[in-house]
Amino acid sequence: MSEQRIVVVTGASRGIGRAIAVEMAGPKTHVIINYNSSPEAAEQTAVLAASRGGTSAAMQFSVSDPDAVKASFKQILKEHGRIDVLVNNAGIARDNLLAFMSPAEWDEVINTNLKGTFLCSQAVIKSMIKQRYGRIVNVTSVVGVIGNAGQCNYSAAKAGIIGLTRSLAREIVSRKITVNAVAPGFIDTEMTMAIPQKSRDALLAQIPAARYGAPEEVAAAVAFLASDAAGYITGQVLHVNGGMCMG
Ligand code: NAP
């Protein structure tokens, strides 16, 4: 059994997930850095996290694979005895106008972003209930609230994460487990670098802060919701978007 705080961050090989893993790292903390297909990048995250003190380890599994998720969380619980914090961050985009969207583009995004959040949450929930402590933070998106042309699959998944967050929060609030979401606006990562420059310029014009956000700014919000100081906050969506959406 471990005396450390055990933190699992999904999709932490780069971008926002990496910033979250590094922010959450520190003395008396063990951070598990999940990735799907980028082992070297995940190892780099592990090195960055360990440089803040504490320990870390990279772990491969696809959040959309029910058997892999079950087996991986079972292994974590066997090794460490508990999971204190789960950050459901792994996500993908497969953008297309709805008129042209293939069922595969729909399924891939729903399975990774929404079903992945369900599977990982389910895999930790019984142990959190037993230990009467837990923090789950789900990474949704501003487009889950306001929508975005070309992202019906992505915005549906992210809106679904908000519903899941609020329902699960109600199910387990009496067990001292909180479930919250962080909704980033447009953040400088590989995901947004894939957007054509013309669309990036148009998006920038919608941001009152007149700049993209940094992954570290999202990580700070996640770390707060995962902290003991946030014990009376549950079922909430914390927007980190430079004023783009104030709903
Ligand atoms: P990113 O740079 O593309 O990184 C995505 C991460 O997810 C990678 O670590 C990737 O790992 C992992 N991943 C993808 N599919 C996975 C799977 N099936 N199982 C496990 N891990 C998987 O994206 P990002 O911009 O950092 O986004 C992180 C989260 O923030 C996502 O949920 C995204 O929807 C959300 N978000 C981003 C923005 C933004 O502006 N960037 C805005 C709002 C919300 P591998 O490389 O190993 O596959």
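This is a predicted model: local features need pLDDT of at least 70, side-chain atom pairs count only at pLDDT 80 or more; totals for chains, interfaces and linings use all residues.

Colleague: How far from an oxygen atom of the ligand does a polar side-chain atom of Ser38 lie?

Modeller: The distance for Ser38 is 2.6 Å, and here the side chain supplies the polar atom. With Val63, a backbone N or O atom lies 3.0 Å from a nitrogen atom of the ligand.

Colleague: How much of the accessible area that the ligand has on its own does the protein cover?

Modeller: On its own the ligand has 890 Å² of accessible area, and the protein covers 95% of this. The space that the ligand takes is the largest pocket.

Colleague: Which elements give two or more residues to the shell around the ligand?

Modeller: They are helix H1 (15-24), strand E2 (29-35), helix H6 (152-172) and helix H7 (190-193). Of these, H7 gives the most, with 3 residues.

Colleague: How many residues surround the ligand, and which are the closest?

Modeller: The ligand is surrounded by 32 residues, and the closest are Arg14, Ser37, Ser38, Tyr154 and Thr189. By class, the shell holds 13 nonpolar, 16 polar and 3 charged residues.

Colleague: How should I read burial, and is Ser141 buried or exposed?

Modeller: A residue is called buried when its relative accessible area is under 20%, and exposed when it is over 50%. Ser141 has 6% relative accessibility and therefore counts as buried. Its place is in the loop between strand E5 (134-139) and helix H5 (143-146). A polar atom of the Ser141 side chain lies 3.1 Å from the backbone nitrogen of Val143.

Colleague: What is the relative accessible area of Thr45, and where is this residue found?

Modeller: Thr45 is found in helix H2 (residues 39-50). Its relative accessible area is 0%, so Thr45 is buried. Along the chain, Thr45 and His30 are 15 residues apart, and their C-alpha atoms are separated by 13 Å.

Colleague: Which label does Gly163 receive at 35% relative accessibility?

Modeller: Gly163, which lies in helix H6, counts as partly exposed because its relative accessibility is 35%.

Note on methods:
Residues are numbered from 1 along each chain as its sequence is written. Side-chain values use heavy atoms; hydrogens and water are left out. A residue is near a molecule or strand if one of its heavy atoms lies within 4 Å of it. A polar contact is a pair of N or O atoms within 3.5 Å; within protein, one must be able to donate a hydrogen and the other to accept it, and residues adjacent in sequence count only if both atoms are side-chain atoms. Accessible areas come from the Shrake-Rupley method with a 1.4 Å probe; for residues, only the protein chains shown count as cover. On a 1 Å grid over the protein atoms alone, a cavity is a set of points where a 1.4 Å probe fits but cannot get out, and a pocket is an open set with protein on both sides within 12 Å along at least five of seven lines; lining residues have an atom within 4 Å of a point. A molecule sits in a cavity or pocket if more than half of its atoms lie within 2 Å of its grid points. Helices (H or I, at least four residues) and strands (E, at least two) are DSSP runs, numbered from the N terminus. Ala, Val, Leu, Ile, Met, Phe, Trp, Tyr, Cys and Pro count as nonpolar, Asp, Glu, Lys and Arg as charged, and the others, Gly among them, as polar. Buried means under 20% relative accessible area, exposed over 50%, partly exposed in between (1.4 Å probe, protein chains only).
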